[in-house]
Amino acid sequence: MNSTYKAFWLEAGDLVVIDQTQLPFSLVTKTLKTSADATLAIKDMTVRGAGVIGNVAAFGVYLAARESKGDLVKIKELAAVIRLARPTAVNLMWAVDRLLSVLEKAATQNQDIVEVALKEAIAIADEDVVGTRNIGKYGCELIEAIAKTKPKGEPVNILTHCNAGWLAIVDRGSALAPIYEANERGINVHVWVDETRPRNQGANLTAWELGQSQIPHTLIADNTGGLLMQYGKVDLCIVGTDRTTRSGDVANKIGTYLKALAAFDNHVPFYVALPSSTFDMQISDGVKEIAIETRSADEVLYLQGLQDDGAIGRVRVAPLETTALNYGFDITPARLVTGLITERGICDADETSISAMFLDLIP
Ligand code: MRU
């Protein structure tokens with residue numbers, strides 16, 4: 001059992017998280033002491049990324065157990081609030097439900113509810129550590145195969161969108177796990193990092209993560225990927241996901257779908273990396289059945305970054321009277337997905353292949 005992960009850790013029973021809203025300009029932490037702290041951290045995106053959202057939700061249920069001294073009715077009330085913090089990443093609901101079901105059973109056996117909650121939250125994070133390592137190993141085989149076809153000295157060029165690294169799921173990430181693995185095995189890789197407007201998770205977080213590991217990367221404006229593919233400069237796309245249906249439709253950060261369309265048109269393999277906790281086996285049609293988060297128009301109307309005076313601030317990029325629409329995610333239909341890289345192996349993005357590999361998850 002572990003209690004220290006790269007994106008968060010336990011300190012004197014509280015959960016300390018890296019404040020991702022401050023990266024890459026300052027590496028600061030926040031201490032979450034109550035379930036309300038956990039809910040707010042998910043809501044205001046102090047923490048983000050499907051996996052870490054799920055972890056903080058699970059620890060949030062533990063904090064709820066602690067503050068309500070193990071009162072299951074009160075815990076359920078607080079857990080219901082955590083469950084609503086963001087709508088799209090299914091890991092949030094999955095983690096809360098898993099904690100509640102374990103606590104209900106523990107209550108019938110007169111176990112220490114607070115202790116059981118903590119143990120289960122840690123178990124989920126530990127599973128992510130192992131899962132992301134396995135995702136890395138399976139995904140690396142794809143990179144290795146491409147590397148063998150490359151002239152000596154030429155890198156495998158991988159395009160990614162948003163941040164699906166260890167800030168998003170501990171301790172290796174999902175989409176970035178195969179890249180970390182390849183880098184460690186000495187395979188020459190180069191990553192095209194989509195800036196990922198409006199919140200710039202690519203520019204702020206993925207570029208920072210890759211820089212920390214000295215992995216060669218280039219930041220590109222979101223609309224550049226298509227041209228790079230036409231030029232033959234992208235060998236492979238790997239993205240993460242916030243929710244994937246049993247038929248392989250993928251919800252991920254807004255703009256993912258357009259990358260998948262460009263990849264399809266240019267015969268570039270487009271892979272989605274995910275742990276099994278990101279499958280939503282209850283649903284099939286991503287467009288009709290996945291709730292897409294809408295966020296503040298300000299995220300589109302303003303750009304946030306480091307100002308000349310050293311403070312993090314924002315500048316407006318549209319006329320004062322302009323309004324904006326801000327969908328946080330989009331759906332990439334299964335037909336555009338070459339394969340799903342999971343902790344159990346790589347499968348096709350279709351119901352038959354998914355249910356063959358994940359039979360135990362089918363309700
Ligand atoms: O809005 P965010 O930053 O939480 O969105 C994150 C993503 O879209 C990631 O690509 C996704 O969560 C997969 S990472 C485990």
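Biologist: Just after H9, which residue takes a positive phi?

Modeller: This is a predicted model, in which local features need pLDDT of at least 70 and side-chain atom pairs count only at pLDDT 80 or more, while totals for chains, interfaces and linings use all residues. Residues are numbered from 1 along each chain as its sequence is written. Helices (H or I, at least four residues) and strands (E, at least two) are DSSP runs, numbered from the N terminus. Just after H9, a positive phi of about 55 degrees is taken by His-267.

Biologist: Which residues of helix H9 are buried?

Modeller: A residue is buried if 20 or more other C-beta atoms, placed from the backbone, lie within 10 Å of its own, exposed if 12 or fewer, and partly exposed in between. What covers the buried residues of H9 includes helix H8 (225–230) and strand S4 (156–160). In H9 (residues 256–265), the buried residues are Thr-256, Tyr-257, Lys-259, Ala-260, Ala-262 and Ala-263.

Biologist: Is Ser-3 buried or partly exposed, and why?

Modeller: Ser-3 is found in the segment before strand S1 (8–11). Not counting residues up to four places away in sequence, Ser-3 touches Trp-9, Leu-10 and Ile-122 (C-beta atoms, placed from the backbone, within 7 Å). Because Ser-3 has 15 C-beta neighbours inside 10 Å, it counts as partly exposed.

Biologist: How many residues does the largest nonpolar core have?

Modeller: A nonpolar core is a set of buried Ala, Val, Leu, Ile, Met, Phe, Trp, Tyr and Cys residues joined through C-beta atoms within 7 Å. In the largest one, the residues with the most contacts inside it are Val-56, Ala-57, Val-61 and Ala-117, and the number of residues is 102.

Biologist: How are H1 and H2 oriented to each other?

Modeller: Helix H1 (residues 35–43) and helix H2 (residues 50–67) pack with their axes 7 Å apart, at an angle of about 160 degrees. Axes are lines fitted to C-alpha atoms, for helices over the stretch in contact, and angles run from 0 to 180 degrees between N-to-C directions. Angles under 35 degrees count as roughly parallel, over 145 as roughly antiparallel, 65 to 115 as roughly perpendicular and the rest as oblique. H1 and H2 are therefore roughly antiparallel.

Notes
Two residues are in contact if their C-beta atoms, placed from the backbone, lie within 7 Å.
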